[in-house]
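Hello,

Here is the structure I promised to pass on to you. Please open it alongside this email, and then read on for what turned up in it.

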Amino acid sequence: MAVEAAAPRRSAGRRLAGLFYGRPRLQVGTLLAGPVGWLVIGYIGSLIVLLVTAFWSVDALSGEVVQEFSLENFEALWNEPVYRDIVGRTVGVAAAVTVTDALLAFPIAFYMAKIASNRGKAILVVAILLPLWSSYLVKVLAWRTMLSDGGIINWALEPFGLNGPGYGIVAVWLVMSYLWLPYMILPIYAGLERIPDSLISASEDLGAHPFTTFRRVILPLAFPAVVAGSIFTFSLTLGDYITPRLVSSDQFIGNVIFNSIVNDQPFAAALALVPIVVMIAYLLVARKLGAFEHV
Amino acid sequence: MRLSRQATWVLRAGVGLGLAFIYIPLIVVGIYAFNSSGTTQKWPPPGLTLDWFPKALESESAREAFLTSIEVGLIATAIAMVLGTLASLAVAKHRFFGRETISFLVILPIALPGIVTGVALSNTFTQVLGIDLSLFTIVVAHATFCIVVVYNNVIARLRRSSASIEEASADLGADTWQTFRFVTLPAMKTALVAGGLLAFALSFDEIIVTTFTIGAGEQTLPIWIYTNLFRPKELPIVNVVALLVILISIIPVYLAHRLSSEAGVSAGAKGGAARDAAEATAVP
């Protein structure tokens, strides 16, 4: 039996496998052809098309797309104060949400990483993960009902003579902070887990107050993880148009893109470049701060 | 870390409040699914009832949307599993020019705001390729942003497993395919399944990219919810569907998490496993 197994079988599959043996380049090429082809041609290609389309325009009379170079869309974007306000509002809310989430996430992540027992840690990770993945739309819907006039928030605040924020920009900030909080907790938790306990003990042994240890040892080491988390909170806020639609009547970049996609695709494309440019700038800064080791 | 008792308690209270903040809205939606007053959404609900569940099951449009979501999710997941695995094998097992950019390329569709991915793909489909938006275009879009979850899960596993087992397999006479089939694949199987489950969950409740790439007349479940939540008459059914969607998206994620952490425990320290699982799942 052993002899039989050792005898070379020249099946087609084996010959094909032999072709790859000792040819690492062929192996890599075959492995990458599919995914890289899909992402570069399909996705990067689409982004390039988007960039090109942004310079097209729509004929005012016929409503047809004119495929000629024009700066019309960008002029409109730059000159109309409405759009400047919308971009400013969107980026402002994105920044506010990011800061809010960083402040809320840090203590939770810190407790998970450095204080909780192993069992507590495992439970907390699941407790944070599950809502992160549960339906985005349902969560916005939940807040829409909670923030409504007869909703639970007004009901809970009523005994104190207070009123909830209702629908509006504050509601957008609140809901988005809620939506993206787990995206901030998990990277910070992962970053804090990576800080060796011995470093913290060393700081304590050298007589540092817990607050000093936190400020001088933990915070600098965990900062890249905060930046990694902020990529998500920032980017997700920039592109969201459903939350503003459901809990406010304010316009965000996403709403304008959504509203112009049917009638003026070139203008929608030009507008979509705004979050791309903002995100590229953000990612470059994040990379400088070492965030990518944490993504 | 040694903290004073008070400080620990303050932190604990903070974590408790944080969890309450995260869970209360989900619980509120869950309760509204049983709201006996149909069209008003006043808190607290006057009474609880199970009446809306059979009504939701009877809703033809909701049922169709549900099936569409499952179909899109399954096909997109299958594509993402193949492409994500191929990319992670190339990056984990080989050194080549541009290796660092692969992770970046894979993460881009999800790191950029969903609306950008949506507009870019819809623009390419309709303006350049002249394809009408349909189920096919949603599947392509979903597969594009699902690759990253499979890739991240599998590559985390491959990085942890040692290359010497594969060398041993080759030394014992196995060819490239056999080594993959009998050594590499079993080692990464649970990570691959976990990645697939997450990809499905991601696709199942995606709405932003979907609205831009969906054909006229088609509805996925999130789109169904979105169109019906402005209709007061449909709200009770929307609430029931919302509860179901929460459950359907949570179950695969829970399973995926179990798969990643069990494998991690056998590979080494428990804390590390939880961390890897958190990293692998933290990406969308």
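Let me begin with how chain A is connected: of its contacts with a separation of 6 or more, 72% are between residues 24 or more positions apart. Please keep in mind throughout that this is a predicted model.

Chain A as a whole

Chain A is built from 14 helices and 2 strands. Its C-alpha trace spans about 85 × 70 × 35 Å along the principal axes. The radius of gyration of chain A is 26 Å, whereas a compact globule of 295 residues would have one near 19 Å. Of those 295 residues, 46% count as buried.

Chain B as a whole

Chain B has 12 helices and 0 strands, and along the sequence its pattern reads α-α-α-α-α-α-α-α-α-α-α-α. The box filled by its C-alpha atoms is roughly 70 × 65 × 30 Å, taken along the principal axes. Of the 284 residues in chain B, 50% are buried. In chain B, 75% of the contacts with a separation of 6 or more come from residues 24 or more positions apart.

Where the chains touch

One residue to look at here is A:Gly151, in the loop between helix 7 (136-147) and helix 8 (152-157) of chain A. Leaving aside residues up to four places away in sequence, A:Gly151 touches A:Thr145, A:Met146 and, from the other chain, B:Trp43. Is A:Gly151 buried or exposed? A:Gly151 counts as buried because it has 20 C-beta neighbours inside 10 Å, and the cut-off for buried is 20 or more.

Inside chain B

B:Val72 sits in helix 3 (residues 60-93) of chain B. B:Val72 also counts as buried, because 26 C-beta neighbours lie inside 10 Å. Which residues does B:Val72 touch, not counting those up to four places away in sequence? They are B:Leu135, B:Ile138, B:Val139, B:His142, B:Ser203 and B:Thr220. From B:Val72 to B:Val148 it is 76 residues in sequence and 17 Å in space, C-alpha to C-alpha.

Finally, a helix pair. Two packed helices are described by the angle between their axes and the distance between the axes. In chain B, the axes of helix 7 (residues 164-171) and helix 8 (residues 176-204) come within 10 Å and cross at roughly 145°. The crossing of helix 7 of chain B past helix 8 of chain B is right-handed. Helix 7 of chain B makes this contact through B:Ile165, B:Glu166, B:Ser169 and B:Ala170, and helix 8 of chain B through B:Thr179, B:Val183 and B:Thr184. Sorted by type, the residues of this contact are 3 nonpolar, 3 polar and 1 charged.

Enjoy exploring it!

Best wishes

Conventions. Residues numbered from 1 in each chain as written. Chains lettered and ligands numbered in written order. Predicted model: local features only at pLDDT ≥ 70, side-chain atom pairs only at ≥ 80, totals over all residues. Helix = DSSP H or I, 4+ residues; strand = E, 2+ residues; numbered from the N terminus. Rg over C-alpha atoms; globule rule 2.2 N^0.38 Å. Buried ≥ 20, exposed ≤ 12 C-beta atoms within 10 Å, placed from the backbone. Contact = placed C-beta atoms within 7 Å. Axes fitted to C-alpha atoms, helices over the stretch in contact; angles between N-to-C directions. Left-handed = near helix turned anticlockwise from the far one by under 90°. Nonpolar A, V, L, I, M, F, W, Y, C, P; charged D, E, K, R; others polar.
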